[in-house]
Amino acid sequence: MSLHPTLQPYADAWTHSIEAISELVTPLVEGEWNRRTPCPGWSVRDVVSHVIGLDNEMLGDPRPIHTLPRDLYHVTNEHQRYMEMQVDVRRHHTAPEMTSELEYTIIRRNRQLRNESRDPGRMVRGHVSTEITLEESMRTHAFNVWVHEQDLRAALGRPGNLDSPGAHVARDVLLAALPKVVADDAGAPRSSAVVFDVHGPIEFLRTIRVDIQGRGTLETAPALGPAATLILDWETYVRLACGRVPLDSVTDRVKADGDPELAASILRNFTVTK
C-alpha cells in the first residue's frame, strides 16, 4: 500500500460509503430510482449520478459537454450549475446503466487508491477550476459521499451507518465550520462562548469561543457560563448542517439554553454545505 498514512482514513471512509451505496441501489427496480431524496431537487438516480460524477473527477476524467435545461428550479448559482452537469447528463439512464457505471467507477477508483503515492500536500483539481491539496480533496470527497449515502438511506427507508468511518469524517468537517457559523454568520458577542452538546451514534461536546477581536475558535474544553448551549442528536445536527431539513420541522429535537436570540441566529445560519 503506497497511500500516505494521513490519507488512509479518507480512503477507508470512501470505500465504506461507496460500497454501502452500491448495496442500497443494486436491487432497486426502475421506479425506485425516481424517489425524491432530502437533497433539494434530486432523485435517487440524481444522487447516484452525482456520486459517479464526483469519482470520475477524482479520476481526472474530463467533464461532460452538456447543455443544462433552463427549467431546473433548484439550480440558482454557478456552483449548482457545475454540480448539476454530471447529474443531468445521466437523467435518462436506466437502472442497469446506472448500476453498471457505478460498479465500473468503483473498480477504477479502488485501483487509483491502491496506486496513489502522491504527497497529501500535492495540489490537485478542485471544483469550479479551483486547486486544493490532495488531503483536502480526499477529506471533502469522503464527506460528500457519506452525506449522499444518508440521502439515499432516507429516500429508501434504510437508515444506518450514522457511526461509520464516513460519519466520523463528517463530524470533523462540520465541526471545522462551526467557528464561522457562530462568530461571523450568527454574530455571537465578543468574549463569549457557545456550547454544542451532541448525542446519539456519534457524541461530542464542543465549545466555540469568540475572542475580543470577534474570531471564533473550536475547543474541546467545556465553557463555564456559556452565552448559549445547543443540545441535539447527531442525525438532526447533520441534517441541519447539510441543509437537508428546514429548521421549523425539527425544533422539537433541538434544545436551546441561554440567550434565545443568539441560539436562534446560530440555527438560522447552521447550514454550511452549498
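## Buried positions

A residue counts as buried when its relative accessible area is under 20%, and as exposed when that area is over 50%. The model discussed here is predicted.

Ser 137 has a relative accessible area of 7%, so it is buried. Ser 137 is located in helix 5, which covers residues 134-156. With neighbours within four places in sequence set aside, the contacts of Ser 137 are Met 58, Val 124 and Ile 132.

Asp 55 is a charged residue and belongs to helix 2, residues 44-58. The relative accessibility of Asp 55 is 1%, and therefore Asp 55 counts as buried. Not counting residues up to four places away in sequence, Asp 55 touches Trp 14, Ile 18, Thr 105, Arg 109 and His 141. Between Asp 55 and Ala 188 the C-alpha to C-alpha distance is 38 Å, and 133 residues separate the two in sequence.

## Overall fold

The chain has 8 helices and 7 strands. Its radius of gyration is 20 Å, close to the 19 Å given by the globule rule for 274 residues, so the chain is as compact as a globular protein of that length. Along the principal axes, the C-alpha atoms fill a box of roughly 55 × 40 × 35 Å.

Buried residues make up 49% of the 274 in the chain. Of the contacts between residues at least 6 apart in sequence, 65% join residues at least 24 apart.

## Packing of helix 6 and helix 7

Two packed helices are described by the angle between their axes and by the distance between those axes. For helix 6 (residues 165-185) and helix 7 (residues 234-241), the angle is about 60° and the axes are 11 Å apart. This angle makes helix 6 oblique to helix 7. The crossing of the two helices is left-handed.

On the helix 6 side, the contact is made by Ala 167, Ala 170, Arg 171, Leu 174, Leu 175 and Leu 178. Helix 7 contributes Trp 234, Tyr 237, Val 238 and Ala 241. By class, the residues of this contact are 9 nonpolar, no polar and 1 charged.

Conventions:
Residues numbered from 1 in each chain as written. Predicted model: local features only at pLDDT ≥ 70, side-chain atom pairs only at ≥ 80, totals over all residues. Heavy atoms only, no water. Axes fitted to C-alpha atoms, helices over the stretch in contact; angles between N-to-C directions. Helix = DSSP H or I, 4+ residues; strand = E, 2+ residues; numbered from the N terminus. Parallel < 35°, antiparallel > 145°, perpendicular 65-115°, else oblique. Left-handed = near helix turned anticlockwise from the far one by under 90°. Contact = heavy atoms within 4.5 Å. Rg over C-alpha atoms; globule rule 2.2 N^0.38 Å. Buried < 20%, exposed > 50% of the residue type's maximum accessible area, 1.4 Å probe, protein only.
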